[in-house]
Amino acid sequence: MSRRRSKAEQRPDGPPWRVTMHDVIFESDTPAGWVFDVALLLAILLSVTVVAVETIPSVAERNWLILGRFEWFLTVLFTIEYTARLACARHPLRYAVSFWGVIDLLSILPTYIGFFFVESDANSFVILRSIRLLRAFRVLKLWRMMDDAEELSQAIWKARHKIIVFLIVVLVAVTISGTLMYFVENVIPRMTRGESPADDSEFIASQFDSIPQAMYWAIVTMTTVGYGDIVPKTTIGKFISATLILLGYSLIIVPSGFVTAELTSKKSAEPAGETKCPRCTSAEHHGEAVYCYRCGERLTAEG
């Protein structure tokens, strides 16, 4: 992965207000940045709640006006946020086409599309409701506000080869067990009755009527979900099912172990922080930290 840029490299050029705005919006280690993040968090949660409530017919019919006003208030709020991010970004165009820039745009675009481009007939109203559901993408904005999100994503990326191998092993197990269950639950009972697989006369159809259906059952069983919509009837099928459940329990912890190992190795490789906060005396800061992560005081390098 590419080297993470320092804060000095991320800050924009130009007037001081751009730098100040950048520190407030894109950083969270200042008091103003913390307040901005908390306010944005509440706005995102409120927006997702409004989207969910709008899908309840009884509530939406009685409170459509209030919900509409809430939606437009939040849309204007997120539009101001998106405009401010473009204004203070070091490279506005690069930010606009980045992952977070697209997410910010998707959080406001559906409302404007519905207002300006959808006609007011019955069919268009259904289209409007469908477009407005895209506002649920706003919940992805929460990921940006998590301090350890990038560290976790880097650990997953470094462990990607092991995770891919693990998924291939699971896919092989699902394919073999699904095929085996199809023969045990469907083909073998028909053969013992002297019937062909295509003959349905006087035979109660097995729930494992195809290999894809049996593979679906294998996935549900291996993940220990167990919907109960498909169950084995034969003794051998029940034995295979029990074995697959035990295998699923043993495999659940494997991917988390890969990621945990990467996180642990990264933590052990990081040098201990040497810069102490003059206010709270905390010394657990990253090497490029400018403000204290605990109290927001500006740090003064020792020595």
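Helix 2 (residues 16-26) packs against helix 5 at an angle of about 130°, and their axes are 9 Å apart. Axes are lines fitted to C-alpha atoms, for helices over the stretch in contact, and angles run from 0 to 180 degrees between N-to-C directions. On the helix 2 side the contact is made by R18, M21, H22, I25 and F26, and on the helix 5 side by A84, R85, A87 and C88. Contact here means heavy atoms within 4.5 Å. By class, the contact of helix 2 with helix 5 comprises six nonpolar, one polar and two charged residues. In this division Ala, Val, Leu, Ile, Met, Phe, Trp, Tyr, Cys and Pro count as nonpolar, Asp, Glu, Lys and Arg as charged, and the others, Gly among them, as polar.

The model is predicted, with local features requiring pLDDT of at least 70 and side-chain atom pairs counted only at pLDDT 80 or more, while totals for chains, interfaces and linings use all residues. Residues are numbered from 1 along each chain as its sequence is written, and side-chain values use heavy atoms, with hydrogens and water left out.

Helix 5 (residues 64-88) also packs against helix 8 (residues 109-116), at an angle of about 125° and with the axes 9 Å apart. Helix 5 and helix 8 are therefore oblique to each other, and helix 5 passes helix 8 in a left-handed crossing. From helix 5, E71, W72, T75 and T79 meet T111, Y112 and F115 of helix 8. The contact of helix 5 with helix 8 contains three nonpolar, three polar and one charged residues.

Helix 5 itself has 25 residues and spans 36 Å from its first C-alpha to its last, close to the 36 Å expected at 1.5 Å a residue; the expected span is 1.5 Å times one less than the number of residues. The buried residues of helix 5 are L67, E71, L74, T75, F78, T79, E81, Y82, A84, R85 and C88. Buried denotes under 20% relative accessible area, exposed over 50% and partly exposed in between (1.4 Å probe, protein chains only).

R190 is located in helix 12 (residues 160-192) and is buried, with a relative accessible area of 4%. The C-alpha atom of R190 is separated by 9.8 Å from that of S206, 16 residues apart along the chain. V187 likewise lies in helix 12 and is buried at a relative accessible area of 9%. Between the C-alpha atoms of V187 and S210, 23 residues apart along the chain, the separation is 10.0 Å.

The chain has 14 helices and zero strands. Helices (H or I, at least four residues) and strands (E, at least two) are DSSP runs, numbered from the N terminus. Of the 303 residues of the chain, 33% count as buried. Among contacts in the chain with a separation of 6 or more, 59% are between residues 24 or more positions apart.

Technical notes: Parallel < 35°, antiparallel > 145°, perpendicular 65-115°, else oblique. Left-handed = near helix turned anticlockwise from the far one by under 90°.
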